[in-house]
Amino acid sequence: MNQMSVRATIGAVLAGNLLACAFAPSAFASSHREAPFITRSPKVDATDFYMFRSYQAGRSDFTTLIANYVPLQDAYGGPNYFMMDPDALYEIHVDNNGDAKEDITFQFRFKNTNKDTQLTVGGKKVSIPLVINGGPIADANAAGANVRETFTVTVVRGDRRSGTRAAVANADGGGTTFDKPLDNIGNKSIANYDAYAARHMYNVTVPGCPAPAKLFVGQRKDPFVVNLGETFDLINIKAPAVEFSANAEKGAKDDLANKNVTTLSMEMPTSCLLNASAGDPVIGGWTTASLRQGRLINPTPKSDADVSKEGGAWVQVSRLGMPLVNEVVIGLKDKDRFNHSKPSNDGQFADYVTNPTLPALVEILYGSAGAKAPTNFPRNDLVATFLTGIKGVNQPKTVTASEMLRLNTSIAPTAPGAQKRLGVIDGDNAGFPNGRRPGDDVVDVALRVVMGKLCTINIGCAPGDAPAGALRFTDGAYLDETMVSTAFPYLKSPIPGSPQK
């Protein structure tokens, strides 16, 4: 395959890069602060995207879509905590015919209402500085909440901007506006956070879908694990492979262990995501966030409502499908361009994948211990895994090479207790890279694949192309299904802002 053909298929590009990105035995937070511009707008920074056949008992006919936003949330982050941006548009896209363009989009918009609770102090009414006023917080829109955060969801069929639009509605209480729970301030403010959050899990009707779906938006414990600090310190890890240390897979700290995240979660009947005329069980998915093209900042605002005025067309500023792509695959000068791009235009990034640099860096740092980089160029093994899907596993019948998460919905979910954290490369075809479950250790999977794991089984290359292909590379931050939940929304309750007593 020559350079031009690689560009045409765009395969090597993102795939190789994507994995290359993952190569570094670190796990680089899947997409936390990954590009210069997005660091200015953390409320629209997508951190992780998941798509998998639901494995909750009795829900195997459903597919769960999870888009996480607002990275590195410290539980004590008051007084405003981590409300979503009311001037932003958050989206989850589904491609169900393999053309690298969205066919179904779920759009989330948020609104924050300040109730302006006031106390009488010295005979004057004065607004309080907190998001709660001291009353009990146990239900949606509780009287004790000083701020009410609500959201709407719109389903768009066809192009995300010009397609057919319809509102998602509450199947139980009616209406199209939903309450988002306050973040987990602490048990004095919210005595039973699990019960409180459960009151914000909705059964919803999605126009064009005959069966109800589930919906939850709110703060959760960040399920991603990563040895972040040592990874970016020139992979300052003592042992990047199990062979170098008996306890390497669990030998490092998880730098996200005490961090929360905001999740946008939907559990859809799988049939509602498929294209019946295409007769293909494979779907692709990714999430994006967009801001208005123009912003005027008011130098003398009279209230929160007129601090700025937003206008113009929506401009995409965040994008995430497969994990780890933008962090260490895309060059620094193009990271924001990648965030602004669509899968159908991914050919522009081909040069970053045909000759990935990260495997070479691993060899420079650990070559004396046997960590030799693969020698096959372009990296067709990475193209199959990350840009087109693996034939016989999750490759669509007709596919346009592009970066997105792909899921074969005809593969039955693996039940809790039987899931393998390394997914497909360990014989569990219901796991990553066939979609992604919260308990899939994508860092270890990506590290092994980028260093040539697939060459050992003749997928896109031969065993001789990957001297270190059989090594069990790891970043040392361990993740498996026991660290997440077994029921929707599958992510654990967020860490409280003050210790539980």
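Which handedness does the link of Cys-455 and Cys-461 have, left-handed or right-handed? The points below take up this link and its partner in turn.

1. The model is predicted, so local features need pLDDT of at least 70 and side-chain atom pairs count only at pLDDT 80 or more, while totals for chains, interfaces and linings use all residues. Residues are numbered from 1 along each chain as its sequence is written, and side-chain values use heavy atoms, with hydrogens and water left out.

2. Two disulfides are present, a disulfide being a pair of cysteine sulfur atoms within 2.5 Å. Counting bonded cysteines along the chain, the pattern is 1-2, 3-4.

3. Cys-455 is joined to Cys-461 with an S to S distance of 1.9 Å. The torsion about the S-S bond is -100°, and the link is left-handed. Cys-455 and Cys-461 are both buried (buried means under 20% relative accessible area, exposed over 50%, partly exposed in between, with a 1.4 Å probe and protein chains only).

4. In the disulfide of Cys-209 and Cys-272, the sulfur atoms are 1.8 Å apart. This disulfide is right-handed because its S-S torsion is about 80°. Cys-209 sits in the loop between strand E11 (202-205) and strand E12 (213-221), and Cys-272 in the loop between strand E13 (259-269) and strand E14 (282-297), so the pair ties together parts that are 63 residues apart in sequence. Strands (E, at least two residues) are DSSP runs, numbered from the N terminus.

5. Are Cys-209 and Cys-272 buried or exposed? Cys-209 counts as buried at 11% relative accessibility, and Cys-272 is buried with a relative accessible area of 8%.

Note on methods: Helix = DSSP H or I, 4+ residues; strand = E, 2+ residues; numbered from the N terminus.
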